[in-house]
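This report looks at a pocket and at salt bridges. Please view the sequence and the structure first.

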Amino acid sequence: MSTYEVAVREYAALGEGPTWDADAQRLIWIDILGSRVHTYDPASGRRTVLATEQHVGAAKPRSGGGLVLNLRDGVGLTDPDGGFRWLHHEPVPGRRANDAAVAPDGSLFAGTMRYDEAPGGGTLAHFTADGFAATVLDDVAVSNGTGWSPDGRLMYYIDSPTRRIDVFDCETGQLPVGRRPFVTIEDGAGYPDGLTVDAEGCVWVALWEGAAVRRYTPTGDLDRVVPLPTPRPTACAFGGPDLADLYITTARTGTETPHPLSGSLLVVPGAGKGLPQPAFKG
């Protein structure tokens with residue numbers, strides 16, 4: 001496998017949530033604690049940075065343009081002209097947003113966690129375009145990576161302190177059910193953080209404190225490891241015109257002597273083949 005390259009040299013405190021925006025042919029990623037939404041066009045090298053008024057856990061494209069944002073106090077929508085409104089506003093003291101993902105049907109699964117990472121202090125919720133919200137899980141510590149199998153019938157999910165990637169069964173129009181372990185990360189290898197699923201149904205996961213991204217087959221077997229120089233990779237996603245390049249976000253927060261690339265956006269060219277990511281239908 002090809003080794004990593006530096007896509008964007010940055011000093012993000014907590015880089016997260018890479019997402020390929022197919023319509024704009026750019027990568028969207030965030031700095032949660034820096035309250036910033038970044039974009040990067042690999043063809044031109046053009047970058048943009050959008051400041052948010054509070055910590056932002058995820059930013060995903062909307063089908064009509066703009067972004068859906070998982071923010072500290074709820075889920076918000078930005079319009080192409082820069083306008084903002086809340087889709088769902090639910091401030092909880094001591095709690096913030098974390099990772100989120102758009103399901104194959106265009107709905108949003110958005111996670112939360114307490115700043116102190118207290119067990120049971122976070123949630124995973126489901127949001128439709130009209131703002132209807134339903135709680136999927138109400139006893140999460142650090143809600144993280146979420147993704148779907150190529151046929152949409154399985155949903156993978158991470159609550160990081162469990163060290164597991166779990167899997168649910170999905171039916172169209174229904175919330176996921178039948179949660180069960182898919183993979184457990186062994187002690188000393190780091191904590192599972194963000195994930196993505198490729199066109200072969202394999203699950204790629206970034207290992208916080210593990211300095212690596214791993215790929216697991218649909219049967220849960222480890223078949224690839226991408227070593228990284230930064231101890232805290234946070235998430236990964238395929239991008240580029242052919243969805244062949246694996247982009248990896250990283251973090252600097254909590255490290256006394258960060259690696260020079262900690263906080264940067266890395267890329268592994270030609271790592272595989274990703275799945276097209278749907279936009280939020282709202």
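**The largest pocket**

Strand β5 contributes four residues to the lining of the largest pocket, the most of any element. Strands here are DSSP runs (E, at least two residues), numbered from the N terminus. The model is predicted: local features need pLDDT of at least 70, side-chain atom pairs count only at pLDDT 80 or more, and totals for chains, interfaces and linings use all residues. Residues are numbered from 1 along each chain as its sequence is written, and side-chain values use heavy atoms, leaving out hydrogens and water.

The lining holds 34 residues, and Leu50, Gly66, Leu67, Leu69 and Thr78 lie nearest the centre of the pocket. A pocket is an open set of points on a 1 Å grid over the protein atoms alone, where a 1.4 Å probe fits, with protein on both sides within 12 Å along at least five of seven lines; lining residues have an atom within 4 Å of a point.

**Salt bridges**

There are 14 salt bridges, each a side-chain nitrogen of Lys or Arg within 4 Å of a carboxyl oxygen of Asp or Glu. In one of them, Arg47 meets Glu10 at 2.6 Å, N to O. Arg47 is in strand β5 and Glu10 in the loop between β1 and β2, so the pair ties together parts 37 residues apart in sequence.

Glu10 is buried at 19% relative accessible area, while Arg47 is partly exposed at 36% (buried is under 20%, exposed over 50%, partly exposed in between, with a 1.4 Å probe and protein chains only). Elsewhere, Asp198, Glu200, Arg215 and Asp223 are linked in a network of salt bridges.
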